[in-house]
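Here is a set of exercises for getting to know a new structure. Try each task by eye before reading its solution.

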Amino acid sequence: MHWLSLTSAWFGLATLLILAMYILKKRYEPKHISSHLLWRQVLQEQEANRPWQRLKQQLLLWLQLIIAILIVIALMEPAVDKQLAEDAHAVILLDRSASMATSVDDQGNSYLDNAKQEIIDWLEKEWGGGAVTLIVNGEYPQILANHSNQKQELERIITSIEPYYGASDDETALSLARALATSSEQSTIHYYIDERYMVGADAIHAEAANAEVWHLHAAPATADDERIRSFTLSQEERAVHGFVTVLHAAQLDRELELTVTAYNEHGKALSENAYKQSADASGITTFAMYDLPQEHFYAAHVIPSEHDPNPYNNKQYGLIAEDQVYQALLITEGNLFLEKALQLMNVGVTKLTKASDVPSAELLSTIHFIIADGSYELLAEQNDWKNVLDRFPLWILDHPSTNQQAELVNAAPVVNEHEVTQYFTMDDIFISSVRKLAVTELAPYDVLVQYGGVPAMIAGLKQQQPFLRYMFALQDSDLPLRAVFPVLVMNSVDYLVSGSTKQLGYMLVNATPTLSMSADTSSSYWQRLDEGRRDSKRVEATSSNGSVVAPAVPGVYTFIEQNEQGQSIQERTAVVTADVTEFAAPSIADTINSIQITDGNDSQQNSTGLSTLTAWLAACLLLMLLMEWEVYRRGI
Amino acid sequence: MKELSSSNMFDALQRVFPHEDWLAKLDAMAMQGGARTKGMLAGKRRSSSLGSSLEFADYRPYIAGDDIRRIDWNLYGRTNKAYIRQYWDEQERSFHLYVDSSLSMTRIGEGEHNKWLTALRAAASVGYLVLQSDDRMSISLFNEVEICNQLPLLHGKHAKFAMINKLSEWINNGPAAVNANTDGTASLPTISDASVPFAGGSQLPRRAGVTWIFSDGLYDQGIEKLLSSLQARQQQVVFVHMLHGDELEPRLEGEWQLIDIETSRAKEVAMSPAIVEKYKRSVNDFRERLRQLYEKRGIAFYSMNCSETLPVSFMKLLASGSHIHYR
């Protein structure tokens, strides 16, 4: 059993009052009179309609009946349709995703700015001074203000909300808003979101205990939205070729204008090439450019039409894809499969045996990574070698001796998702022996493959360098004979050399890319390159756990590593892009409209206050008790 | 009649006439003669029969057997016919005073303002006046069922001491002595009937006279029957209606169980100003009804408020009727 309103127990005191009245109530006092003769006329009239007279005389009874009825009514919890009390708790969920930040209305204001203005307007005009909780979405939903009722502070917070371009967890934000709302009695949730809010219809339909107001921003009509689907650049000899694919409305009778601007490494625009091409009827137009100058990075920009609701995606940055020949230092007693595979990958191999001396600095300066095939422990014992191994991305292939072998159990192999294991399966692959590693050796790394119940392949960062280890000899396995082997080797090489080039390539905002950092690096930061914002402040690159995190705002950045003396020792360029999955999300407008139609009455119900009526009833009851006392006092 | 010591007499006098100078005032009053009465003994009242007084009434021819001393010889001399002179007879008158001693009289009113006491004292005052006028008077007390106490006919001024003595004794015994149900053995009739105490007629006056009834008249029935039998016995009836202030204007609030003192029946009434007003109207109606009933029969009707002192109420009675006057 639940007591929904314990405070109602105070009404129980009324029973004491009634009881007291009955205790004090006078009985009919006997009085001797000379004769009824004189009273007869009076009494006869009284007796003529006795039942009614009896009741009429029992004013106390009437009053108590009314009191009882009032109590019953109070128990029935009557409610009138009434606007939500002004001091109710308001939970505001603001969608600050890329779709909100980049979609613009006719005046050119972004949806996010509009939503922020709407919230401020709401604060100025409709807000009654109640508590306001402000939530924004993001990788994790954030509570920017909790039960605040300071308007100035709230407006300051709202104004300072920045868009979030990464993949945001919209569903969690929604449930957080609802959770915060249900914890208090009267709450209204205001959703300032657009139609591309990534929640399932189930989540929206989920039982909403509170009034919910959806301030929905229409998704830009996809048909009108001209956008660059892809921008790729390649270099052949001295010529730079560029390909831009533009998506637009089909049957568009318009000439698309494209400008490609080339920037140097300081973010300065050096040249601008303009191209015009009639829109293809299929809705996809590809520009092919063969006359681009060789520069640091490029920006392709399709001149947006007047009605383009999202000019943001008409611009895209590009980097020349580097087609580099990697050099690997292979320390092995001979591994034909591997050598052949590396050759296929176009990796130049410098082969050494484990007995070899440390190679010359000249040689080391050309290599990109080291492969230690069955010789790692031996080499690591030598300080010279250890220094060398620590400086480069390292790929270890173990040749487990008999006493190092792990006991294999009959278990299905497990392949965990990783760059290295892309397109790779362990189906039908047999490994005869796997080396058993201590937990301390395993701990810092991701386990990519488990075979026979033990880890067989691990990857991670070691000394800020990519690190990959196969705990089995390729000779002990039929892996090299399988079709997936070249793929595995290619993935492995890509993993080892990632970040070793002058360019970091493309990454998502707030992503944690795998970067190989210089050994001397003590600190690093991002600096924005595009749009001449070279002077803009640096963005901290390391997160709390030490890994490098991409900037939060899309653009072109230089990743600058500094040594302990604060000197820049390496600068690499990255194009940071916004999360575009949201743009492909289905519109939730229909779902919400259906909610507002079906739940229209409910939400109105939810926004009514019962307490006010209860107070009226209580007042009536008190009045009744007063009257009853008066009636009693006068002895009517 | 035994001799009374003077101190006893004084106490008796105090009981019957507690008001100072009241006897002196009574001495200044006299009973009105009224219509000719037919008494038994010679008295001071003109009788309705012819007799031997000095007042000439008529002549009539002599017939054999008449007293020849009554022949008017002068007339005989002139007319040579014998005529007899007739004179009005002068007779004393009988006053019968009845005091209602039912519970509605004896139990209502506190102390001096007790209805019964007031009625008894008023009757004593009337009796005093009667004796002073050399008439006869008797006082009887009747309750719901019978005549319970009776002072036989007294005559002459000296008899007033006997009357005062007897009344003093009654007052001293208190109303309880006269109530029919004091011992609780007799159950009271459920309907009060004024004629019940006089049933059979043996208790009614035998000869013509004046009957004063001191009563509150609160009888369900029988009053007309009583009056009829009184008038049939050639009684001039004077009715003194005794009501107490509590009955005229009750000051009641709240809820009361009203118990009829005679029938012991109870009725519950929740008092309100409206009900009290209605009651007052009903009391007035009741008095008016009684007055009309009596006046229709040529009976004098007086109202007396027992809440007032006897001299005050008695003087009002004096002023409102012609039965008593100042000498």
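**Exercise 1. Find how helices α5 and α6 of chain B pack, and which residues meet there.**

Solution. Start with the two helices: α5 covers residues 115-132 of chain B and α6 covers residues 159-173 of chain B. Helices (H or I, at least four residues) and strands (E, at least two) are DSSP runs, numbered from the N terminus. Axes here are lines fitted to C-alpha atoms, for helices over the stretch in contact, and angles run from 0 to 180 degrees between N-to-C directions. That makes α5(B) roughly antiparallel to α6(B), since angles under 35 degrees count as roughly parallel, over 145 as roughly antiparallel, 65 to 115 as roughly perpendicular and the rest as oblique.

Now list the residues. From α5(B) come Leu117(B), Leu120(B), Ala124(B), Gly127(B), Tyr128(B) and Leu131(B), and they meet Ala159(B), Lys160(B), Met163(B), Leu167(B), Trp170(B) and Ile171(B) of α6(B). Two residues are in contact if their C-beta atoms, placed from the backbone, lie within 7 Å. Sorted by class, this contact has 10 nonpolar, one polar and one charged residues. For the sorting, Ala, Val, Leu, Ile, Met, Phe, Trp, Tyr, Cys and Pro count as nonpolar, Asp, Glu, Lys and Arg as charged, and the others, Gly among them, as polar.

A word on the model: it is predicted, so local features need pLDDT of at least 70 and side-chain atom pairs count only at pLDDT 80 or more, while totals for chains, interfaces and linings use all residues. Residues are numbered from 1 along each chain as its sequence is written, and chains are lettered from A and ligands numbered from 1 in the order in which they are written.

**Exercise 2. Decide whether Leu117(B) is buried or exposed, and find its contacts.**

Solution. Locate Leu117(B) in helix α5 of chain B. Then count: 23 other C-beta atoms lie within 10 Å, so Leu117(B) is buried. The rule is that a residue is buried if 20 or more other C-beta atoms lie within 10 Å of its own, exposed if 12 or fewer, and partly exposed in between, with C-beta atoms placed from the backbone. Leaving aside neighbours within four places in sequence, Leu117(B) is in contact with Glu112(B) and Ile171(B). Finally, look at Pro175(B): it is 58 residues from Leu117(B) in sequence, and the two are 8.2 Å apart in space, C-alpha to C-alpha.

**Exercise 3. Describe chain B as a whole.**

Solution. Count the elements: chain B has 10 helices and 12 strands. Of its 327 residues, 37% are buried. Among its contacts between residues at least 6 apart in sequence, 75% join residues at least 24 apart.

**Exercise 4. Work out what each chain brings to the contact between A and B.**

Solution. Chain B gives 29 residues and chain A gives 19 residues. On the side of chain B, β9 (255-260), β10 (266-270) and α9 (273-296) each supply at least two residues. That side has 12 nonpolar, five polar and 12 charged residues.

Strand β1 (residues 29-33) of chain A runs parallel to β9(B), joined by five bridges. Two strands pair if DSSP finds at least two bridges between them. In this pairing, Glu29(A) has Trp256(B) as its bridge partner.

**Exercise 5. Trace the open sheet of five strands in chain A.**

Solution. Write the order first: β23-β27-β26-β24-β25 (chain A), with mixed pairing. At the edges stand β23 (503-508) and β25 (539-540) of chain A, each with a single partner strand, so one side of each is left without a neighbour in the sheet. Then follow one pair: β26 (residues 555-562) and β27 (residues 568-577) of chain A run antiparallel and are joined by eight bridges. Here Ile560(A) stands opposite Glu571(A) of β27(A).

**Exercise 6. Find how strand β15 of chain A is covered and paired.**

Solution. Strand β15 (residues 326-331) of chain A is mostly covered, with five of its six residues buried. Its partner β16 (residues 347-352) of chain A runs parallel to β15(A), through six bridges. Gln327(A) stands opposite Gly348(A) in β16(A).
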